[in-house]
Amino acid sequence: MPRIRTNRTKKAPDGFDKIQPTLNELAVQLKEAESEKGSKVSSKNTESTWRVFQLHHERTRYVYSLFYKRKAISKELYDWLLHEKYADKYLIAKWKKNGYEKLCCLRCIQSEETTNGKTCICRVPRATLEASAAKKEEPVTFQQCVHCGCSGCASTD
Amino acid sequence: MSDWKRFKDPSGSYYYFNTRTKVSTKEKPKDFGSQQGIREELRVPLFCFQLLNRWNLVICKDGSKFYFNDDTKVSQLMLMDDDSQSLLDKVDQSLLALLIGVARGFSLNNDRDVYEEVSDTLKELSIRVADDGQIDAANDEGTIAVAGTDEELKPRTEVKNALIAGYSSSSDDSSDESENNTASVPGTLDEKDTEFRTDGDKSASEFIDLLNEYKFDPYSTWNIQAKRIMHDPRYYSISSDDKRDELFQTWCSQQIDNLNDKETDDVSDPNEVSEDLDSEDNLNPTKYHYLAHIISKSNITAETLFSDIKKENKSLFKELNIKENLSKKEQDQFASKVIAYYKLGNPLAPT
């Protein structure tokens with residue numbers, strides 16, 4: 001969620017009007033996702049936040065690609081967007097690191113929050129999952145992680 | 001059709017039950033199994049119509065139809081002759097459906113001969129088509145031949161018409177429709193095949209063309225833009241969404257490069273004065289430039305403070321956006337240094 005605009009908020013640098021329609025569209029989608037009623041089944045109670053995580057990722061990825069891939073916005077505007085929290089700078093910081101290029105959300109690499117002290121299953125490459133499943137002669141059961149509904153975000157996938 | 005039906009008794013063995021006489025036996029009745037024979041009997045040709053180019057439309061007793069060529073003695077389920085197809089298309093489809101219904105045993109209340117009606121309309125249409133053809137290539141013999149063969153065929157079919165037993169007809173025009181559908185399928189399949197056969201580069205360039213065509217916003221995301229072109233078949237020339245996203249990204253960066261090039265051209269084109277201004281701006285890397293200038297222009301005595309200079313040059317401060325470029329602390333720090341420099345006696349400054 002971007003910061004609430006007040007009188008003290010700095011004026012947006014040049015070029016913001018070009019990306020504003022897309023940001024608005026994403027904001028509308030986020031509002032829809034927020035207002036959606038989640039399932040009452042207890043095993044599905046995590047799913048209500050998945051779409052929010054996805055949209056957060058999408059918007060951050062959008063700003064990231066605008067600056068680093070397409071080179072469409074100025075450094076000034078990029079910094080402003082990060083400051084106004086249109087994009088998650090901590091997530092972008094991870095994307096710059098090797099092996100984290102496709103990271104879905106920061107929660108999935110919080111090893112302190114899990115019981116085994118390891119990262120989320122969506123960080124495991126698909127090939128590794130399949131190899132270990134083949135050893136046990138079972139099909140791969142993993143589909144989406146509980147945190148954000150990611151179906152695999154290893155860099156090799 | 002026989003009235004015998006087969007059932008399983010609780011022990012698992014079969015027994016036969018006659019639905020009409022309510023008799024059940026363990027032995028297989030003679031009538032049972034004769035349904036197969038009846039079904040085969042149903043595939044007997046019932047009606048025949050002369051089409052163009054020596055093709056015939058044959059409708060069987062069970063409502064199915066096929067096409068037969070007199071010359072080559074070939075029978076096909078689908079009509080390959082374009083002339084005949086166009087002729088058939090001109091005939092009222094509901095009439096044909098009714099004819100198939102009659103073939104399957106649908107009895108009309110009034111003594112209406114559907115076969116006559118269809119054959120008459122076909123004859124008329126074929127004559128008209130032949131007349132059209134006459135203008136180009138005079139061959140009126142064909143029409144007479146067509147009419148002749150049609151009349152020859154009629155008696156045989158009429159005899160069979162009398163043989164129709166009372167079979168109930170369920171879906172009359174369904175067979176017609178399904179055949180039309182199957183006829184249209186092969187063409188689309190072929191197109192898809194050729195699309196898949198094309199190598200990656202070609203489909204990629206095709207995809208880029210698509211992006212250009214729809215005038216996409218290079219400042220947008222793929223997920224939003226993709227909704228606009230999903231209905232286009234070229235969208236599926238690239239199978240995975242990741243690849244599409246990648247192509248979109250590269251296309252966007254290209255577009256933005258082009259836009260930036262244009263803008264820089266515009267800036268450099270007008271005249272040299274603006275360029276000079278630009279270069280002056282470029283030579284202005286320090287944010288203290290304007291502040292230093294203001295201080296140097298104001299007259300500094302031993303008692304002058306930075307706040308005095310600020311008061312005197314309020315309008316200049318505002319004009320040059322000094323507040324936005326420098327924080328108050330930075331201003332104070334820098335100004336005190338500069339003022340001290342002037343107070344100590346600048347050898348260059350006028351005393």
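The questions and answers below concern a predicted model.

User: In the predicted model, how are helix 11 of chain B and helix 15 of chain B oriented to each other?
Analyst: The axes of helix 11 (residues 289-297) and helix 15 (residues 328-343) of chain B come within 10 Å and cross at roughly 40°. Angles under 35 degrees count as roughly parallel and 65 to 115 as roughly perpendicular. Helix 11 of chain B and helix 15 of chain B are therefore oblique.

User: How many nonpolar residues are in the contact of helix 11 of chain B with helix 15 of chain B?
Analyst: Helix 11 of chain B contributes Leu291(B), Ala292(B) and Ile295(B) to the contact. From helix 15 of chain B come Gln331(B), Phe334(B), Ala335(B), Val338(B) and Ile339(B). By class, there are no charged residues, one polar residue and, as the number asked for, seven nonpolar.

User: Which elements give two or more residues to the side of chain A that touches chain B?
Analyst: In all, 11 residues of chain A are in contact with 10 residues of chain B. The side of chain A has six charged, three nonpolar and two polar residues. The elements that give two or more residues to this side are helix 1 (16-35) and helix 2 (50-69) of chain A.

User: Is Lys71(A) buried or exposed, or in between?
Analyst: Lys71(A) lies in the loop between helix 2 and helix 3 (75-83) of chain A. Phi of Lys71(A) is near 55°, a positive value in a residue other than glycine. A residue is buried with 20 or more other C-beta atoms within 10 Å and exposed with 12 or fewer. Lys71(A) has 14 such atoms within 10 Å, so Lys71(A) is partly exposed.

User: What is the phi of Lys85(A)?
Analyst: Lys85(A) sits in the loop between helix 3 and helix 4 (89-95) of chain A. With 13 C-beta neighbours inside 10 Å, Lys85(A) is partly exposed. Most residues other than glycine have a negative phi. Lys85(A) is not a glycine, yet its phi is positive, at about 60°.

User: Which are the edge strands of the open sheet in chain B?
Analyst: The sheet has four strands in the order 4-5-6-7, with antiparallel pairing. An edge strand pairs on one side only, and here the edge strands are strand 4 (45-50) and strand 7 (75-76) of chain B.

User: Which residue is the bridge partner of Tyr67(B) in strand 7 of chain B?
Analyst: Strand 6 (residues 65-69) and strand 7 of chain B run antiparallel and are joined by two bridges. In strand 7 of chain B, the partner of Tyr67(B) is Gln76(B).

Key: Residues numbered from 1 in each chain as written. Chains lettered and ligands numbered in written order. Predicted model: local features only at pLDDT ≥ 70, side-chain atom pairs only at ≥ 80, totals over all residues. Axes fitted to C-alpha atoms, helices over the stretch in contact; angles between N-to-C directions. Parallel < 35°, antiparallel > 145°, perpendicular 65-115°, else oblique. Contact = placed C-beta atoms within 7 Å. Nonpolar A, V, L, I, M, F, W, Y, C, P; charged D, E, K, R; others polar. Pairing = 2+ DSSP bridges.
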